[in-house]
Amino acid sequence: MSIHLYRLSLLLALGLGLGACQQTDEAPRLSLASSLTEAPITARSEGDTLRIPFTSSIDDARLQVAEQADWIETRLQQGMLLVYVARNATAAPRQTELLLQIIERGERKASQRLKIQQSSTEQLAADRYLFPYVTAFDYPVSTFYANRSDVYTLLAPQGGGTLREPLVLRCSFDARTLQQRYEWQGGAEGWLRTAKIVPHELGWGLELEADPLPKGLAQRKALLHLSDPLHPSLSISYRILQLGASVQLEATRQQLPLLTPGQTELRIPFTSSLPLEELELTTYVVTRTHQGLGKSVEETQRQSTQMLQSTFWQYSIKPEDFQMERPELQQHFQLVRTAGGLAIQGRPTSNVNHLGNSLADMDDAIYAFCITNKRNEQRAWFFRQVPFFPTSSYIKSRTGSKSETLRLDQEAGSLELTLQLNGRGNSLSWSTPSGVSIPSDDWQTGLPEGAELSYPDLLTVRGISYPANASRRERRFTITVGYNDQGKSSSEAAKPVSFHCIQAPFTGSYTLTTDESRSLRFAASPEDYEKYVVATVALTTNLSPELIRIERPATRSGWLLAQLKTDPTTGLVSSIAFYAEPNETGSPRSTSLRLVPPSGEGLQPLSFTFTQAAGQ
């Protein structure tokens, strides 16, 4: 009886083990509704409990939740992920990610990623807050909140009167209770009245009265400090600047003036009460990537115009922080006298290689010319919009055409091609025939090695090698160059450029000889693990492979292969390699082969004989 029980328990154990193996082999499954994973799940600012259903092939105990924020807690409960979201006590929205996953033996078997976002309601903020807020900058509220110490400049009218800024700050209390204090700078005092703080739907604005700037005074300035009456350490400041006349700005436009693709001359007239010798011009470039911002071209350009033409941007921007500096462009623009007064004059470029600051993607650029002077702190800005690269890119030859013919010598050599283009040099696509090679790209510049980029839009590519022409006829081939991303633009200007090359024929005498033995003996089998027994014979010839015919005897010689080798520099034949298969016939074997040159050239064929030993 005990024997039967032992057998029964053994069978049960085996069955359970097989069942476990089958269960282990099956990949675990974990899924959520697509609507939960494609877009962030929004929690209420006052705190929330999110119930997220999921389906899984395993029980909850084997699931894990990875969290990234301290303002949420999670719990798994019978196919439901519960997310407890704390109240948002800050003035800015926030977002985090959750990872619901199955981990087995240290390996992630399945996972689903979720995004949780929480809005903000300033009235719910646990801390009193006060920070500058300017809509001209396309920043999220959190950026201003995190940079409360930034000081923005406000321009008071030169002739005195009211300075109105409808929106300059946000706070969690009535801003009209803010304490005000002026810090006078430069000796002048009392020329500003107490500021009036006015409500705005997004925050608070300022109105303040300024006295006229005294005649002969270049400028005066003051700092306006606003502080929380309950917590004086919570404060913000504005710089009030009143300027005397110097450089007259351009009339404000709704859109920035647009350059034309390939425009080579630029003149921007202006007037100034200061002599040319006291003015200084600095050239900057503002770049944008619309795709990276997730906005349309029109929307981004509209916001750019609004931002650049605002006093806040013009007097608060730090060009070095936004990679606007382009010292290499400075030499191409200068201030000049004209019949009508003064002007910014120069040679602009729309080439992204000159305008960009790295190999990173960029599809929009704006010239920003800043005129400063030695008497006051005025910054007079003038802007010009560069054509949008993906739709206004162009490429052409140095002569401005889409097709150009080049004549080359018969011998092997190298040539250089010069292109006019405004697209990125590292996005070029080359099409060349066999034997013609383009230098590989330089890893630092992205341009072909040895290429030279010259202002305003010329790219000279050197070291394009081509083989010798061994034929008695002219050799014709085409090199085509265009953009990899040509599909972004259907314009004629972005289509490739073709260089049609005509190479002179060979006019000398052909040769085909060898100083090596033409009777070759092969071993029965190759050494080590090679597939063939190999022998190479050097040739002295000025023929190309297509001019030499390999002729075999009528008898069977399939065990021998032959291949002409060329000099990589000239493209002419330099040797011939023979490959013999292992001899497994049990007896020696032999064959022959001839290299036949072109007829009518007075050359004799080269004959080779081959003998292969018998295998063991």
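Predicted model: local features only at pLDDT ≥ 70, side-chain atom pairs only at ≥ 80, totals over all residues.
**Group meeting: a cavity and some ring pairs**

The lining consists of Leu259, Thr260, Gly262, Gln263, Pro348, Thr349 and Ser350. The space inside the largest cavity comes to about 30 Å³, and the structure holds one cavity of 30 Å³ or more.

Now the protein as a whole. There are 616 residues, and 43% of them are buried. The secondary structure has eight helices and 41 strands. If we take contacts between residues at least 6 apart in sequence, 70% of them join residues at least 24 apart. The accessible surface is about 32800 Å², with 48% of that belonging to carbon and sulfur atoms.

Next, the aromatic rings. The count is 24 aromatic pairs. One of them is phenylalanine 137 with tyrosine 152, a tilted pair at 5.9 Å centre to centre, with 50° between the planes. Phenylalanine 137 sits in the loop between strand E10 and helix H3, while tyrosine 152 is in strand E11, 15 residues apart. Both phenylalanine 137 and tyrosine 152 are buried.

Another pair is tryptophan 313 with tryptophan 381, edge-to-face, 4.9 Å centre to centre and 65° between the planes. Tryptophan 313 belongs to helix H6 and tryptophan 381 to strand E24, so this pair ties together parts 68 residues apart in sequence. Tryptophan 313 and tryptophan 381 are buried too.

Last, a cluster: ring pairs link Tyr133, Phe137, Tyr139, Phe144, Tyr152 and Phe312.

Conventions
Residues numbered from 1 in each chain as written. Heavy atoms only, no water. 1 Å grid on protein atoms, 1.4 Å probe; cavity = no way out; pocket = protein on both sides within 12 Å on 5 of 7 lines; lining within 4 Å. Points joined across faces, edges and corners; volume = space filled by probe spheres on them. Helix = DSSP H or I, 4+ residues; strand = E, 2+ residues; numbered from the N terminus. Buried < 20%, exposed > 50% of the residue type's maximum accessible area, 1.4 Å probe, protein only. Contact = heavy atoms within 4.5 Å. Areas by Shrake-Rupley, 256 points an atom, 1.4 Å probe, with all protein chains shown as cover. Phe/Tyr/Trp six-rings, centres within 6.5 Å; stacked < 30°, edge-to-face > 60°.
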